[in-house]
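The stops below go from one selection to the next.

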Amino acid sequence: MNKKYLIELADYNIWANNLICDWLLQISEEQFIQFVGGSFNNIQETALHIAAAEKIWYERLDDNVQEWLGFTFKGDRTELIEIWKKYSQNFKQYIEHTSEEDLLEKFAFTTRDGTPHFMPRYQALVHVFNHSTYHRGQIVQSLRQVGFTNVGSTDMIGYYRKFS
């Protein structure tokens, strides 16, 4: 584990999430909620899942009270995107302000079903970034399914090519 690399992953996550969010603002409400199948029924549910996961993992790492946004969110697409971007940015700040020793330290958290767990902080961060990457790929596929063709790659190589 290397703090510099975790910051790089956080920057990549921010960049890729921002691309997705920009595309989500370009589609119609009908496209956003159109049934596409897969892990989630539509783009809205997939976006909410990513934002909810980033939010709850950040709250777990920060020892805050957690709510599963997927159960409580009643806002619109713009509000969802604001939440998603906020927590993506929060991860970078969290890593920047946490020592390497603390990133290696295990922390306690409870899953949504109440099961207690312990894991190193850096592993939770890597999980979050990987999880978001997986579901962003689903959104890209879904965007194409609903007829939005102005999508590009959110692969990490694209990030490296742009910023290295």
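Are H3 and H7 roughly parallel or roughly antiparallel to each other? This is a predicted model, in which local features need pLDDT of at least 70 and side-chain atom pairs count only at pLDDT 80 or more, while totals for chains, interfaces and linings use all residues. Residues are numbered from 1 along each chain as its sequence is written, and side-chain values use heavy atoms, with hydrogens and water left out.

**Stop 1: H3 and H7**

Select residues 43-61 for helix H3 and residues 121-145 for helix H7. Helices are DSSP runs (H or I, at least four residues), numbered from the N terminus. The two axes come within 9 Å and cross at roughly 170 degrees; axes are lines fitted to C-alpha atoms over the stretch in contact, and angles run from 0 to 180 degrees between N-to-C directions. H3 and H7 are therefore roughly antiparallel, the term for angles over 145 degrees. The residues of their contact divide into 11 nonpolar, eight polar and three charged. Here Ala, Val, Leu, Ile, Met, Phe, Trp, Tyr, Cys and Pro count as nonpolar, Asp, Glu, Lys and Arg as charged, and the others, Gly among them, as polar.

**Stop 2: along H7**

The 25 residues of H7 should span 36 Å, and its end C-alpha atoms are 36 Å apart, which agrees; the expected span is 1.5 Å times one less than the number of residues. Select Arg-121, which lies in H7. Arg-121 counts as buried at 10% relative accessibility (buried is under 20% relative accessible area, exposed over 50%, partly exposed in between, with a 1.4 Å probe and protein chains only). Not counting residues up to four places away in sequence, Arg-121 touches Leu-61, Asp-63, Tyr-94, Asp-102, Leu-103, Glu-105 and Phe-107; contact means heavy atoms within 4.5 Å. A polar atom of the Arg-121 side chain lies 2.9 Å from the backbone oxygen of Leu-61.

Next select Ser-142, also found in H7. Just after H7, Gly-147 takes a positive phi of about 95 degrees.

**Stop 3: Asp-63**

Go to the loop between H3 and helix H4 (69-72), where Asp-63 lies. Is Asp-63 buried or exposed? At 56% relative accessibility, Asp-63 counts as exposed. Asp-63 has a positive phi of about 55 degrees although it is not a glycine.

**Stop 4**

Select residues 77-96 for helix H5. Its 20 residues should span 28 Å, and the end C-alpha atoms are 29 Å apart, which agrees. At the N-terminal end, Asp-76 caps H5, with a side-chain oxygen 3.1 Å from the backbone nitrogen of Thr-78. The buried residues of H5 include Trp-84, Tyr-87, Phe-91 and Tyr-94. What covers the buried residues of H5 includes helix H1 (3-24), helix H2 (29-33), H3, helix H6 (100-104) and H7.

H1 and H5 pack at an angle of about 170 degrees, with their axes 9 Å apart. That makes H1 roughly antiparallel to H5. The residues of this contact divide into 10 nonpolar, five polar and seven charged.

**Stop 5: Gly-158**

Finish at Gly-158, in helix H8 (residues 156-163). Gly-158 is partly exposed, with a relative accessible area of 22%. Its C-alpha atom and that of Ala-16, 142 residues apart along the chain, are separated by 9.3 Å.

Terms used:
Helix = DSSP H or I, 4+ residues; strand = E, 2+ residues; numbered from the N terminus. Parallel < 35°, antiparallel > 145°, perpendicular 65-115°, else oblique. Polar contact = N/O pair within 3.5 Å; in protein donor to acceptor, adjacent residues only side chain to side chain.
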